[in-house]
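Student: Could you take me through a close look at one part of this protein, slowly enough that I can follow each residue in the viewer?

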Amino acid sequence: MACFTFSIVISAVLVGDNAGARIYAKMQAKSCEQVGIAYELKEFSDDISEAGLLGEIQKLNDDDSVDGMILQMPVPEHINARTIQAGIAPKKDVDGVNPANLGRVVMGHPEGAPCTAQAAVRLVEETGIDLYGAEVVVVGHSEIVGKPVALLLLDKFATTTVCHIGTSDVGMLEEHTTKADILIVAVGVPGLIKGDMIKPGAAVIDVGINRVKDPESGKSKTVGDVAFDEAVEVAGIITPVPGGVGPITTAMLLHSTLLAAKA
Ligand code: NAD
């Protein structure tokens, strides 16, 4: 039997020395190592110009040994992240941040969607709930999570409602969330969704990652956008933070990199 081997390489671009971005890069590197993907961290100082960084991205686009690319966020203020994301070749955009890939999601091609959106939808699918006509509420409408999640679920014929700051500001958030059989929350406000805002038995996917101070110990801890202790009493299924959407997002990144390498 013939046996073919090929190496898969992902380049992660880190600008400056943001602690969060560095931790995220470390986690990605570890996951890549576990599955045999080579992870190259390309570091640039925070005084690199936008044009200079675009040039570096172009070099990676042109490098045939690189299969996938990730821009670690955040980037310094003088750099427009959207400009850089648009500079990543769509076929190497394994994080799904290039407008071309987001556009393809609109046209029914889920494989180019941002990894977090793919992870949230994968978790929904794993619940086994029939999505056809199901009442789904997505809280949050960012390009990276809320909007693509909603688009992906629309393509599965879920009845999808998107809520955001405007919904909250007019006092209508609970009205929507309590109707949801599937509730996906990607906001960045710790404990925004309380237990009484959840329909009994609903599936709750908490995408939020927030650092807060524990009032008892005074130590920092990571929590989601859902008040877990209350929500777990009401929901049928719920993802924890940490340990829920985050690891699946990394798995989706590896999957997208494999697809990019095969292509
Ligand atoms: P964002 O800031 O781009 O968007 C926030 C969204 O929440 C907006 O649509 C805004 O209108 C809405 N919003 C803000 N306040 C609200 C309120 N009070 N009520 C209702 N809606 C409100 O955020 P993002 O990049 O989508 O990230 C959202 C959360 O998900 C953050 O906590 C982030 O850290 C987390 N996140 C997690 C992963 C992961 O892998 N698990 C990946 C990306 C982002």
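Tutor: Let us begin with Lys147, which, once its neighbours within four places in sequence are left aside, is in contact (heavy atoms within 4.5 Å) with His141 and Ser142. Please keep in mind that this is a predicted model, in which local features need pLDDT of at least 70 and side-chain atom pairs count only at pLDDT 80 or more, while totals for chains, interfaces and linings use all residues. Residues are numbered from 1 along each chain as its sequence is written, and side-chain values use heavy atoms, with hydrogens and water left out.

Lys147 belongs to helix H6, where helices (H or I, at least four residues) and strands (E, at least two) are DSSP runs numbered from the N terminus. With a relative accessibility of 40%, Lys147 counts as partly exposed, a class lying between buried (under 20% relative accessible area) and exposed (over 50%), with a 1.4 Å probe and protein chains only. Although 15 residues separate Lys147 from Val162 in sequence, their C-alpha atoms are 8.1 Å apart in space.

Elsewhere in H6, the buried residues are Gly146, Pro148, Val149, Ala150, Leu152 and Leu153. These buried residues pack against several elements, namely helix H4 (99-106), H5, strand E4 (135-139), strand E5 (159-163) and strand E6 (182-185).

One of these partners, helix H5 (residues 115-126), has an axis that comes within 8 Å of the axis of H6 (residues 146-154), and the two cross at roughly 40 degrees. H5 and H6 are therefore oblique to each other, the class left over when under 35 degrees is roughly parallel, over 145 roughly antiparallel and 65 to 115 roughly perpendicular. On the H5 side, Ala117, Gln118, Ala120, Val121 and Val124 take part, and they meet Pro148, Val149, Leu152 and Leu153 of H6.

If you now follow the chain onward, Phe157 sits in the loop between H6 and E5. At 54% relative accessibility, Phe157 counts as exposed, and although Phe157 is not a glycine, its phi is positive, about 65 degrees. For context, most residues other than glycine have a negative phi.

Conventions. Axes are lines fitted to C-alpha atoms, for helices over the stretch in contact, and angles run from 0 to 180 degrees between N-to-C directions.
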